[in-house]
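Student: I'd like a close look at one part of this protein, please. Could you pick a single spot, walk me through it slowly, and then show me what else is worth a glance?

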Amino acid sequence: MTKWIYSFEEGSANDKALLGGKGANLAEMSNLGLPVPPGFTITTESCIKFLENPDFFDSSLKDHILKAITLLERKTNKSFNGENSDLLLVSVRSGAKFSMPGMMDTILNLGLNDHRTQILAEQTNPDFAYNCYRRLLQMFADVVYGIPKELFDTLLENFEKNQNKSLKELSIAEHQDLVKQYKEIYHQENKNFPENPIDQLYAAIQAVFKSWNNNRAKIYRDLNHISHDLGTAVNVQAMVFGNSDQNSGTGVCFTRNPASGEAVLFGEFLLNAQGEDVVAGIRTPEPIAALEKAQPQAYKAFKNYASILENHYKDMQDIEFTIEKGKLYILQTRNGKRTAKASLKIALDLVDQGIISKNDALLRVSPASISQLIHPVFEDTALQKASFIAQGLPASPGAATGEIVFTADRAKELHDLGRKVILVRQETSPEDIEGMVVSQAIVTSQGGMTSHAAVVARGMGTCCVAGCGELSIREESKTLSCGSLTLTEGDIISVDGSSGCIYSGEIPTVLVENNQDLQRLLSWADEVAHLKVRANAETVKDLETAMKFGAQGVGLARTEHMFFGQDRILEMRRLILADNEEEIKMALKLLLHFQEEDFYQMFQAVQDKPMIIRLLDPPMHEFLPKDPQEIKLLAEKLHKSPEKLARQIENLQESNPMLGHRGCRLGITQPEIYKMQAEAIFRSAIRLHQEGLKIKPKIMIPLIADKKELDFVKSYLNEHIQCLFNEYEQKPFPYEIGTMIELPRACLTADKLAQEADFFSFGTNDLTQMTFGFSRDDIGKFIGHYKKKGILSSDPFQNIDKDGVGKLMRIAISKARQVKPNLSIGICGEVGGDPSSISFFQDIEVTYVSCSPYRVPAARLAVAQAVLQEGKN
Ligand code: PEP
Ligand code: MG
């Protein structure tokens, strides 16, 4: 027969699914011998049964509840329903498997009625007894009947005003009159307060079961990915009273500081109060340290129990306690919520204390929280008061404040004057790069998580909110509006790249530097990880950052990002718009020079670690100006007619640039560009070889759909490289030519591609775009609707789509490894740095993930967790 109710002695911490977190921990604490008021837990299974069929309550549960309460009467030697004048009052609290703080309901002081309150008043004092009764009447009305609590608050306020005295001064008759008025509210709502404690208990338990499905609980579960069919348990527990007298009180305390992780008790208490008074904020609680003076015995006992609980649960605890007439009771314990900094410190301290293992510590810190340790965040109290403007996509974490500017040039100008700026644009383009570099943050109204702004900002570690469609940005009139608010250049805004929120005005930031602790944890992560973590980086600064964060090489150096410096972009434009061989040669020569120097420095920065250099990928028109004024300026510099130039630029526009003349297609139509790039790579590599650094270049070709494309490009590159070895009298050294896998066709023909490619790297940005047919720059316009309507649970450009894109990847890997079992296969799209996608990548057996430098630490932790979790499963 199914057991629906467990007394606290019967359960344990392992029973969270059946008894809920609170019930399981109450059971565990009771069995540890801690002073827990006795009680019982009605299981989550009962809740599910009741929600399916309410008749279940009468037919199967009532008798068991009756038996359990009789047992509780016996245990406490008090009476809930009978003649014994030692009154048993109980609390009825929800408690689901996963903590859902404040989302479901609680009723305290159950078991009081007019008669029993009189008895209680005689035994204690009228003020205390009627205070308890009023709280019950108010909570019961709210939880069981949905009568607003405020009606009682207003009544009480008016009563006090009319009587012109405080509650403490009321006579018994006045207390009783007040209770009568409370009950009037019930009557006005056509309800009755049941005088029989058992009826109260039945109604309360059913209401708490039902609160599983109230709106706020449902929303909380959606937000926290908690299943809706778990149900809540109900804990019925003998009341102890923190509001009995001045030797009583109640409080909440963490066993360590949840903000810093410091190993000191951190909490607060109120004397002569019940639990909700601490939360309600009507009286200001005192810090826990003051309890030592106020209640030395209780404090000593609490310290002892806090330490027992922390050692037992092997984690920082968040404990609720009550002191009744000097005696301490523990009412709840759970693993405490904490900041990223505290989470890291506590995990390391627990290892040092020998309480947990290094592997446990690795699982204790969430990879998502690591960004808070390497980026600034807004000061919490200031953030709560900040004036919110709009929310876009959290494209690159961090927090920054600055003056709004609408163009990259203005960003540079003001930055040169020592001002802090935030670049706000509809979308950014490669031309904006210099303005982006000097900005504190970047905000765009269009584009998704893999848009230019997002990718570049992440690469630089600059805070960015992308695709904030609520903003209307008019670059010409230098205004930004959102609803009725309009801001102009120079106005101050604050941008939170971790939440995607934008605020007006300045908000102070804090940087929780804790590098030593982080390095220590990540060194343990590297010991257990299977997957390697590389970085996407193309400037020496980014490379150095990546290496500092522990990247094991470079998975993607996008060479187009190297063409955007002022001098370089001119030569790139000269090349694209050349009318004759002469111009082409001149541009290529200068570009070769720039690139050779770039690669030389980059190779030096990565030393013996692998670095994959991808040849040019974007369509040519991305390098060209659109603005007529800029076209005129360019025409002057190139000594061409502006009209002709405008026509040429117009002709280069494409209907679907992402599907157009880009990637290896450029390498096929204009081999001289790829040859120039290969030459720059090999000239610098040969120089370094001659200086003693044995570089093994790895060249990657983008957007391959067919093996013949790869054959064609590879063949002329090999030929050119041989010529360079000959020209520089260099004994040939090993090098590799691999391909990106970013088209569905490449996945399906991966066995053929593997014959020619020395390595693979999944470009999941394009692969996702091409698989879904979602433009990676426009997904922001509809992904919100898709999520709200339950069509997609997350943005597939942020979290890998296992069923579609992932399946193509699986096919590609299996086909490729049939041809080359040891083929190195990486991931260099944005999901490569997504901790929640990483266990999938481990599962499909890729060799490494590659992500922007600032995501490397979180990825290092996530690859270790993937191994540990696999072991657990
Ligand atoms: C990709 O498509 O995933 C990729 C890494 O290349 P890019 O983002 O430069 O197109
Ligand atoms: Mg791509």
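Tutor: Let's take the ligand site as our part, and then go on to a helix and a few single residues.

Before we zoom in, keep in mind that this is a predicted model. The protein has 873 residues, and buried ones make up 56% of them. Its secondary structure comes to 35 helices and 31 strands. If you draw a box around the C-alpha atoms along the principal axes, you get roughly 105 × 60 × 50 Å. Take the contacts between residues at least 6 apart in sequence: 68% of them join residues at least 24 apart.

Now for the ligand site. Ligand 1 is surrounded by 14 residues, and the closest are Arg558, Arg614, Gly763, Asn765 and Arg776. What kind of residues make up this shell? Seven are charged, four are polar and three are nonpolar. Some of the distances are worth checking on your screen. One oxygen atom of ligand 1 is 2.9 Å from an N or O atom in the side chain of Arg614. The side chain of Glu742 also has an N or O atom 3.0 Å from an oxygen atom of ligand 1. With Gly763 the backbone takes part: a polar backbone atom there is 3.3 Å from an oxygen atom of ligand 1. How much of ligand 1 does the protein bury? Taken alone, ligand 1 exposes 290 Å², and the protein buries 96% of that. Two elements give two or more residues to the shell, namely strand 25 (554–558) and helix 31 (764–772). Helix 31 gives the most, with three residues.

Next, have a look at helix 24, which spans residues 628–638. Its buried residues are Ile631, Leu634, Ala635 and Leu638. Why do these four end up on the same side of helix 24? They cover an arc of only 105° around the axis, so they share one side of the helix. Among the elements covering the buried residues of helix 24 are helix 22 (566–576) and helix 25 (642–652). Turn to the face pointing away from the buried side and you'll find the exposed residues Glu636 and Lys637. Just after helix 24 comes His639, with a positive phi of about 55°.

Asn164 has a positive phi of about 55° although it is not a glycine. You'll find Asn164 in the loop between helix 6 (149–163) and helix 7 (172–188). Is Asn164 buried or exposed? Asn164 is exposed, with a relative accessible area of 67%. Lys478 isn't a glycine either, and its phi is positive, near 50°. Lys478 sits in the loop between strand 18 (472–474) and strand 19 (479–482). Its relative accessible area is 36%, so Lys478 counts as partly exposed.

Asp758 is partly exposed, with a relative accessible area of 31%. Its side chain reaches the backbone nitrogen of Ile737 at 2.7 Å. Not counting residues up to four places away in sequence, Asp758 touches Tyr735, Glu736, Ile737, Gly738, Lys820 and Leu823.

Thr41 lies in strand 2 (residues 39–42). With a relative accessible area of 1%, Thr41 is buried. The side chains of Thr41 and Asn235 are joined by a polar contact of 2.9 Å. Leaving aside neighbours within four places in sequence, Thr41 is in contact with several residues, including Trp4, Tyr6, Phe8, Leu19 and Val234. Asn31, in helix 1 (residues 16–31), is partly exposed, with a relative accessible area of 44%. With neighbours within four places left aside, Asn31 is in contact with Phe8, Glu9 and Gly11.

Notes:
Residues are numbered from 1 along each chain as its sequence is written. Chains are lettered from A and ligands numbered from 1 in the order in which they are written. This is a predicted model: local features need pLDDT of at least 70, side-chain atom pairs count only at pLDDT 80 or more; totals for chains, interfaces and linings use all residues. Side-chain values use heavy atoms; hydrogens and water are left out. Buried means under 20% relative accessible area, exposed over 50%, partly exposed in between (1.4 Å probe, protein chains only). The arc is that of the directions from the helix axis to the C-beta atoms. Contact means heavy atoms within 4.5 Å. A residue is near a molecule or strand if one of its heavy atoms lies within 4 Å of it. A polar contact is a pair of N or O atoms within 3.5 Å; within protein, one must be able to donate a hydrogen and the other to accept it, and residues adjacent in sequence count only if both atoms are side-chain atoms. Accessible areas come from the Shrake-Rupley method with a 1.4 Å probe; for residues, only the protein chains shown count as cover. Ala, Val, Leu, Ile, Met, Phe, Trp, Tyr, Cys and Pro count as nonpolar, Asp, Glu, Lys and Arg as charged, and the others, Gly among them, as polar.
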